[in-house]
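Subject: Handing over a structure, with notes

Dear colleague,

Please find below the structure that I am handing over to you, followed by notes on what was found in it.

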Amino acid sequence: MTKEQLKQYREWKGNICVLEKEISNMGEEVVHDFGHDYSKGFKRVVHLDGFNQELYDKRISKLSELKEKIKKTESWIESIEDDRLRFVIRSRYTEGRAWRWIAKKLANVSEDYVRIMIHDKFFDKGKK
């Protein structure tokens, strides 16, 4: 897992809220269209009402994809063995906490210590 993927995690959570709202609104939405009927020998406009199933299916698919990504990310976070690191990652990315808040909770250490010595050091170690 990279820092970039964890940053996207927060974005995904926001997108899920939007998608869920759109999907619930789609249940109330009826698509209005028109077509032409020639069955009586002349052109006649026919009004058609319906539901946009294709768009609904796309949104449902996207929603389940995002939920799966979130589930994997949260599982990865919880699998971190170092308690302090897990707390920092969870607080920063899952809860959206500021470095100052995290530092205060970790026995009033400095923000730079939390960010550089715990957070960045872990991700830099993974790149080597």
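How are H1 and H3 oriented to each other: parallel, antiparallel, perpendicular or oblique? Before the answer, please keep in mind that this is a predicted model, in which local features need pLDDT of at least 70 and side-chain atom pairs count only at pLDDT 80 or more, whereas totals for chains, interfaces and linings use all residues. Residues are numbered from 1 along each chain as its sequence is written, and side-chain values use heavy atoms, with hydrogens and water left out.

The two helices, H1 (residues 3-26) and H3 (residues 83-94), pack at an angle of about 45°, and their axes are 9 Å apart. H1 and H3 are therefore oblique to each other (angles under 35 degrees count as roughly parallel, over 145 as roughly antiparallel, 65 to 115 as roughly perpendicular and the rest as oblique). The axes are lines fitted to C-alpha atoms, for helices over the stretch in contact, and the angles run from 0 to 180 degrees between N-to-C directions. On the H1 side the contact is made by Lys3, Leu6, Lys7, Tyr9 and Arg10, and on the H3 side by Ile89, Arg92, Tyr93 and Thr94, where contact means heavy atoms within 4.5 Å. By class, this contact of H1 with H3 has 4 nonpolar, 1 polar and 4 charged residues (Ala, Val, Leu, Ile, Met, Phe, Trp, Tyr, Cys and Pro count as nonpolar, Asp, Glu, Lys and Arg as charged, and the others, Gly among them, as polar).

Of the 128 residues in the protein chain, 25% are buried (buried means under 20% relative accessible area, exposed over 50%, and partly exposed in between, with a 1.4 Å probe and protein chains only).

Helix H5 (residues 111-127) holds Asp120, and His119 is also placed in helix H5. His119 is buried at 3% relative accessibility, and, not counting residues up to four places away in sequence, His119 touches Lys3, Val88, Ile89, Tyr93, Trp99 and Val114. Asp120 is buried too, with a relative accessible area of 16%.

Turning to the rings, the structure holds 3 aromatic pairs (rings of Phe, Tyr and Trp, the last by its six-membered ring, pair if their centres lie within 6.5 Å; planes under 30 degrees apart count as stacked, over 60 as edge-to-face and the rest as tilted). The rings of Phe87 and Trp101 are stacked, because their centres are 6.2 Å apart and their planes are at 25°. Since Phe87 lies in helix H3 and Trp101 in helix H4 (residues 99-105), this pair ties together parts that are 14 residues apart in sequence. Phe87 is partly exposed at 24% relative accessibility, and Trp101 is partly exposed at 28%.

Methods: Helices (H or I, at least four residues) and strands (E, at least two) are DSSP runs, numbered from the N terminus.
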